[in-house]
Structures are given as structure tokens and as C-alpha cells.
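Come and read along with me.

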Amino acid sequence: MPALTDSVIDDTNVAGTPAPLIDPYGRTVDYLRVSVTDRCDFRCVYCMAEEMTFLPKKDLLTLEELDTLCRRFMAAGVRKIRLTGGEPLVRRNIMQLIRSIGGEVKAGNLDELTITTNGSQLGKMAGDLYDAGVRRVNISLDTLDPDRFRKITRWGDLDKVLTGLEAAREAGLGVKINAVALKGGNDDELGDMLAWCGEQGFDMTIIEVMPMGDIGTENRLDQYLPLSRVRADLSKRFTLTDIPFRTGGPARYVEVGETGRKLGFITPLTHNFCESCNRVRVTCTGQLYMCLGQDDNADLRKALREGGDAALDAAVAEAITRKPKGHDFVIDRRQSGPAVSRHMNVTGG
Ligand code: SAM
Ligand code: SF4
């Protein structure tokens, strides 16, 4: 496949500048999350079943299509793009897309290109990411215990992730650690992880398990741990002070007095974060989801393949008029199955 250079981007089909993406509730959408693959080299127990059927390649947007899509969103005012997955760094030739979009960061046309990753590929890719214009990565790490790590990720190797983390630091990438709070899985360890993040100079975000996708024999209710309880536990050991820092997403932040680092809590099930939502998500097949917690979506692949840039712009603009006020997540005793049928690896975190 050719590199994504100006020579392969078809300038003859460039539409005009689309209007800014403002939804019916007055929220400006300036943040795009793109899932570049549904595949992953791990099988985290809260995210996937062990046996997964992945999408056929023909259904995926090509790297060129993903590039076009990102650029049309940028034309409509998107200032921040996060690549996620599945595991974004296992998609073949993904650096081509990262270099292309990273070039827009260097040119000042995009504020930030960030990646959410399980860290397994960072040992070999961290330097390239930095060179391409990436400055921050979120690394998902739920435990520092190798046996537990294997149990939670099923297929992951903690050493490899820690090597990747070190490579990210050496490359100059800012690192934030994402940990999902799992009842009986890592809840006794979150304090030690927070202390470790402080020593390493990393911010940390703790995520509540969300009811997304069938996860086989695992039960959400067994995994679910309200973060109010996590915070109460951590408060016995750390001085946590609320701070007004916001990213437009579901996280609420505190400063950890003992380390001076930020700690975020993502509590989609126990708090409503939707009033300030500034983001939309595109899957690797080009479905645009206006809300992580709702199934309504728009088919951008069809628009892109059948109508080009102008049709894509129109499809995005129409979809934004359908961005819902809020989500419908619930985990309760009557319903422990998924509230949203797609897996997290489809839309990304
Ligand atoms: N593979 C990459 C990774 O793990 O960072 C990116 C994709 S992963 C789907 C993005 C984030 O979603 C990770 O931090 C992961 O822990 C989180 N996640 C996955 N399934 C989840 C669920 N059911 N509830 C809450 N968080 C989940
Ligand atoms: Fe893969 Fe990330 Fe899902 Fe774990 S959370 S299975 S690393 S996509």
C-alpha cells in the first residue's frame, strides 16, 4: 500500500468547509475518537469474551478512508483526535495514519493526537509515535501483579507492557494510566497503583465497568464496583481534593496531596456527565456513534464510499442533529447483560 502522502489524497473531491458541529443542546463537538481496529492481542475479561469473531477486512475502513474521515472532521472544527480500538497499535501499517494526522498537529491544524493502548507494542513503537507528533498516550493497566495481569487480560504479559511504558517515557510521551476497578479483581491494589503512579510521575484514571457487549461466562454484577466505594477506600490513605479540571468527558478529577498528581474517576453509571459532552466516536467500519451509551449511529462508510467528501460532511452534520442528551447505562439485578450490545473494542473507550 502506498504511504499516505499528498500524492494519494484526492484533492479533486474536496468539499468546502463544513459548518462547525454543534448539537441540538448547544454542545460543540470538537473531539473525535476513532477505533481503528476491533482486533486485539489481549482478551480482557471485562471487554471481550475469550472467543471473539472479528470483522472481515473488507468491512474495515482503509487507512486512507480513516485519514479522509479524520480530515473532514477537522475541517468541521475537530481539534483533538484519539485513536483507540481494539488495540490500535496492532493494526497493520497504522503508523502511516498516525504520521499523516500527526503532521496536522505539527502544522497547528489539530491540537492533539492521542492514543489509548494496552501498551504491548510501545516497546517498539513509542519513538515512532513521538516522531509522528503524538505527545501523550493512555495506557490501560489494571494491576501490577503478573499473575493477576494474566488473569485479567487472559493473553497479556505484564513485563512487555512495563517495558513499553518505559519506552514511552524515554521517548518523551506523557503517560496516563487507565485502570478498570474490578470487584475482587484489583480493588485491594488500587491504592498501591496510585502510589506507584505518583512515583513514576503518571496521572491515573480509574474506570467503572460499563455494561457493553456480551463477555461470555463473566458476569458484570460480579465485576461491578462503584467508584464511590473506591474513592472512600483511597481517601483513607491519600488526601484527595476535588479540582475543576475537565476534559469534556465523563472523568471527574481530584489532586492526590501525597503525590501532586491527578486522579480521575470515570463513573458513567453513577453520575451524569453528558451536559458537557464534546465528543463523538467512529468505529473501524465507519459507524458514527453520537453517544457511547446509545445504539443510534450513522453509516459514514456508505457516505464516504458512495458519495465522497461532500456526502460524508452531510452525513456527519445530520448525525450531529441526533446526538442525544444523555446515555442509558444501567447495571442492576434485573439486567446484568449488556445495556449496549456492541463490545467496547468496537467503539473504543
Ligand atoms: N486496547 C486499548 C486499551 O486497552 O487501552 C484501547 C481500547 S480499550 C476498549 C479502551 C479502554 O476501555 C481501556 O482502558 C479499557 O480498560 C476500557 N474498557 C474496556 N471494556 C470496558 C468496560 N466494559 N467497562 C469499562 N471500561 C472498559
Ligand atoms: Fe484489548 Fe483494550 Fe479490550 Fe483489553 S480493553 S481486550 S486491551 S481492547
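**Two helices side by side**

I began by listing who touches whom: from H2, the residues Ile 94, Met 95, Ile 98, Arg 99, Gly 102, Gly 103 and Lys 106 meet Met 125, Asp 128, Leu 129, Asp 131 and Ala 132 of H3. I then sorted this contact of H2 with H3 by class and found 6 nonpolar, 2 polar and 4 charged residues. I kept in mind that the model is predicted.

Next I looked up how to describe such a pair. Two packed helices are described by the angle between their axes and by the distance between those axes. For helix H2 (residues 94-106) and helix H3 (residues 122-132), I noted an angle of about 35 degrees and axes 8 Å apart.

**Around the ligand**

How many residues surround ligand 1? I found 19, and the closest are Tyr 46, Gly 86, Ser 140, Val 180 and Met 210. By class, I wrote down 7 nonpolar, 9 polar and 3 charged residues for this shell. Strand E3 (112-117) and strand E5 (174-180) each give the shell at least two residues.

Then I went through the polar contacts of ligand 1. In the side chain of Ser 140, an N or O atom lies 2.5 Å from an oxygen atom of ligand 1. Gly 86 uses a polar backbone atom, 3.0 Å from a nitrogen atom of the ligand.

My last entry is about cover: ligand 1 has 540 Å² of accessible area on its own, and the protein covers 95% of that.

Terms used: Residues numbered from 1 in each chain as written. Chains lettered and ligands numbered in written order. Predicted model: local features only at pLDDT ≥ 70, side-chain atom pairs only at ≥ 80, totals over all residues. Heavy atoms only, no water. Near = heavy atom within 4 Å. Polar contact = N/O pair within 3.5 Å; in protein donor to acceptor, adjacent residues only side chain to side chain. Areas by Shrake-Rupley, 256 points an atom, 1.4 Å probe, with all protein chains shown as cover. Helix = DSSP H or I, 4+ residues; strand = E, 2+ residues; numbered from the N terminus. Nonpolar A, V, L, I, M, F, W, Y, C, P; charged D, E, K, R; others polar. Axes fitted to C-alpha atoms, helices over the stretch in contact; angles between N-to-C directions. Contact = heavy atoms within 4.5 Å.
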